[in-house]
Amino acid sequence: MEPSQEFKIVTLGEGRVGKTSLTLKAARGQFHEDERSTVNANFLQKDITFQGNQIRLHLWDTAGQERFRALAPNYYRGAKGAIVVYDITDKSSFDRVVSWVKELSMQADKDICIVIAGNKCDREKERQISKAEAMEYARKVGVLHFDTSAKTGMGVEEIFSELGRLVYEVQMKKNPGTGERGYKSRKGKKIIIKKEEEVQKKKDCC
Ligand SMILES: Nc1nc2c(ncn2[C@@H]2O[C@H](COP(=O)(O)OP(=O)(O)OP(=O)(O)O)[C@@H](O)[C@H]2O)c(=O)[nH]1
Ligand SMILES: [Mg+2]
């Protein structure tokens, strides 16, 4: 079935927290113990169904390493959803979530939906951020928080489906019956994707 809506989603977070692993698990059902650090960004797609509508998520998985930090706005610009990821076994990665949420609130599209993933929940014994602290923060900033494990798959379908649903509802309220600006149905042009590919080409070649 052809998707009726397509939305740009971005993953953000410190290096090694599991952004690529989560998107890979969601899009292809794969997990690699030896996943390499992302360079610039990866692009994957995931389809979800909500209320009988086929929704295609265009997943831009950004690089968390500091040297790629300046590229992030190229990827969150135009995004309708963001998954901000931290590693529950690494306190500093949670501090980074706070700064990403702040940056997105100020710089990203006003109607962006943000969710937080506390990843690597299969390593519960090494947890450094209490669940209560993470949930309290998420409640305070008004976003949803999910416990995930890209390794076991725990919470992975849930976080992508829930984000897709949120984005769909926000966009349908904004543009009833049309789909959001820039990401039209498959019959229309994928304007934003084209721009992103150009941006990436530029980055790769210079
Ligand atoms: N145990 C466990 N390991 C994970 C999980 N998610 C990712 N990993 C491992 O953590 C390491 C980093 O994962 P990545 O997915 O590459 O992390 P990333 O956030 O994309 O990292 P950058 O691309 O550098 O920003 C890899 O060795 C993964 O196998 C998880 O849920 N549980
Ligand atoms: Mg990565």
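**Close-up 1. Packing of helix α3 against helix α4 in the predicted model.** Axes here are lines fitted to C-alpha atoms, taken for helices over the stretch in contact, and angles run from 0 to 180 degrees between N-to-C directions. On that basis, helix α3 (residues 91-107) and helix α4 (residues 131-141) pack at an angle of about 5°, their axes lying 12 Å apart. Since angles under 35 degrees count as roughly parallel, α3 is therefore roughly parallel to α4. From α3, the residues Lys-91, Phe-94, Val-97, Val-98 and Val-101 meet Glu-133, Ala-134, Tyr-137 and Val-141 of α4, and the residues of this contact divide into 7 nonpolar, no polar and 2 charged.

**Close-up 2. The largest nonpolar core.** This core has 30 residues, and those with the most contacts inside it are Val-10, Tyr-76, Tyr-86 and Leu-104. Two or more residues each come from β1 (5-13), α2 (72-76), β4 (81-87), α3, β5 (113-119) and α4, with α3 giving the most, namely 5 residues. Leaving aside its neighbours within four places in sequence, Val-10 is in contact with several residues, including Trp-60, Tyr-75, Tyr-76 and Ile-83. Another core, of 26 residues, lies apart from this one and has Phe-7, Val-85, Ala-117 and Val-167 among its members.

Close-up 3. Because Thr-20 lies in helix α1 (residues 19-28) and Thr-38 in the loop between α1 and β2 (41-50), the pair ties together parts that are 18 residues apart in sequence. Thr-20 counts as buried at 12% relative accessibility, and Thr-38 counts as buried at 10%.

Key:
Residues are numbered from 1 along each chain as its sequence is written. Chains are lettered from A and ligands numbered from 1 in the order in which they are written. This is a predicted model: local features need pLDDT of at least 70, side-chain atom pairs count only at pLDDT 80 or more; totals for chains, interfaces and linings use all residues. Side-chain values use heavy atoms; hydrogens and water are left out. Helices (H or I, at least four residues) and strands (E, at least two) are DSSP runs, numbered from the N terminus. Angles under 35 degrees count as roughly parallel, over 145 as roughly antiparallel, 65 to 115 as roughly perpendicular and the rest as oblique. Contact means heavy atoms within 4.5 Å. Ala, Val, Leu, Ile, Met, Phe, Trp, Tyr, Cys and Pro count as nonpolar, Asp, Glu, Lys and Arg as charged, and the others, Gly among them, as polar. A nonpolar core is a set of buried Ala, Val, Leu, Ile, Met, Phe, Trp, Tyr and Cys residues joined through side-chain atoms within 4.5 Å. Buried means under 20% relative accessible area, exposed over 50%, partly exposed in between (1.4 Å probe, protein chains only).
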